[in-house]
Amino acid sequence: MIKLEDITKVYGKGSNAFQALKDVDLEIGKGEFVAIMGASGSGKSTLMNILGVLDTPTSGQYHFNSESVEGFRDSKLADFRNMTVGFVFQRFNLLNNMSVFENVALPARYAGLKDIGKKVVNSLKVVGIESKQKNMANELSGGEMQRVAMARALVMSPSIIMADEPTGNLDSKTGVEIMELIDKLHRKGHTVILVTHDRYVANYADRILEIKDGVIVKDYKRSKEL
């Protein structure tokens with residue numbers, strides 16, 4: 001499904017250049033649940049951004065379903081971000097001046113879809129927050145906001161869910177609830193790629209990558225037993 005070859009990412013130039021990723025090779029198969037672990041500044045979020053085509057590598061090749069992402073036109077890149085991948089972020093990225101329903105509907109509206117109400121309600125039901133659809137985003141708790149963010153990620157029925165520190169702004173109990181929900185989505189067939197610094201969170205995954213100084217130093221599979 002996903003194949004990275006010799007991916008390097010450099011920020012800045014000359015004496016100010018910083019190599020965030022160094023010749024990364026990585027393959028992720030359909031239906032996998034992969035956790036990318038590393039300390040702050042290790043390169044894990046940069047890797048996530050490249051996987052989600054939110055950023056481009058300085059060099060190397062990214063293939064998705066055997067097709068070079070480098071050759072995607074802008075419209076195809078936008079479709080990839082909006083329809084193939086559902087993003088969940090640590091800070092939720094909800095619009096406070098919109099209702100829960102309106103926030104979840106945004107990807108479908110960007111895609112120009114009509115009759116999106118059913119899609120939105122179904123996504124809210126999946127994450128267990130359909131009763132809040134008329135609330136404004138700023139009326140919700142942190143856990144509720146993250147559920148809304150997950151519903152928004154699901155509304156276009158993406159094959160991949162990418163979650164960057166999804167429990168980072170949550171208390172431990174709510175964090176467990178969110179991770180159990182992500183695990184449930186994986187068991188329903190979604191490919192999940194998760195970035196975290198938390199070993200407990202990473203242990204929900206089937207496979208763990210450990211990254212340090214822009215290099216994947218460990219790549220191993222584990223039991224799902226916690």
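Two strands count as paired here if DSSP finds at least two bridges between them. In this predicted model, strand β7 (residues 160-164) and strand β8 (residues 191-196) clear that cut-off with 5 bridges, running in the parallel sense. Within the pair, A163 sits opposite L194 of β8.

That pair belongs to an open sheet of 6 strands, ordered β6-β7-β8-β3-β9-β10, and the pairing across the sheet is mixed. At the edges you'll find β6 (85-89) and β10 (215-221); each has a single partner strand, so one side of each is left without a neighbour in the sheet. Going from one strand to the next, the twist averages 15 degrees.

Now for the helices on the sheet. Helix α1 packs on it, touching β3 (33-37), β7, β8 and β9 (207-212), while helix α5 lies across β6 and β7. Here are their directions relative to a strand:

| Helix | Residues | Reference strand | Angle |
|---|---|---|---|
| α1 | residues 44-51 | β8 | about 155 degrees |
| α5 | residues 142-154 | β6 | about 165 degrees |

Which helix axis comes within 7 Å of that of α5? It's the axis of α3 (residues 100-110), and the two cross at roughly 35 degrees. The crossing of α3 and α5 is right-handed. On the α3 side the contact uses V100, N103, V104 and P107, and α5 brings V148, A151 and R152. By class, the residues in this contact of α3 with α5 split into 5 nonpolar, 1 polar and 1 charged.

Methods: Residues are numbered from 1 along each chain as its sequence is written. This is a predicted model: local features need pLDDT of at least 70, side-chain atom pairs count only at pLDDT 80 or more; totals for chains, interfaces and linings use all residues. Side-chain values use heavy atoms; hydrogens and water are left out. Helices (H or I, at least four residues) and strands (E, at least two) are DSSP runs, numbered from the N terminus. Axes are lines fitted to C-alpha atoms, for helices over the stretch in contact, and angles run from 0 to 180 degrees between N-to-C directions. Contact means heavy atoms within 4.5 Å. A crossing is left-handed if the near helix is turned anticlockwise from the far one by less than a right angle, and right-handed if clockwise. Ala, Val, Leu, Ile, Met, Phe, Trp, Tyr, Cys and Pro count as nonpolar, Asp, Glu, Lys and Arg as charged, and the others, Gly among them, as polar.
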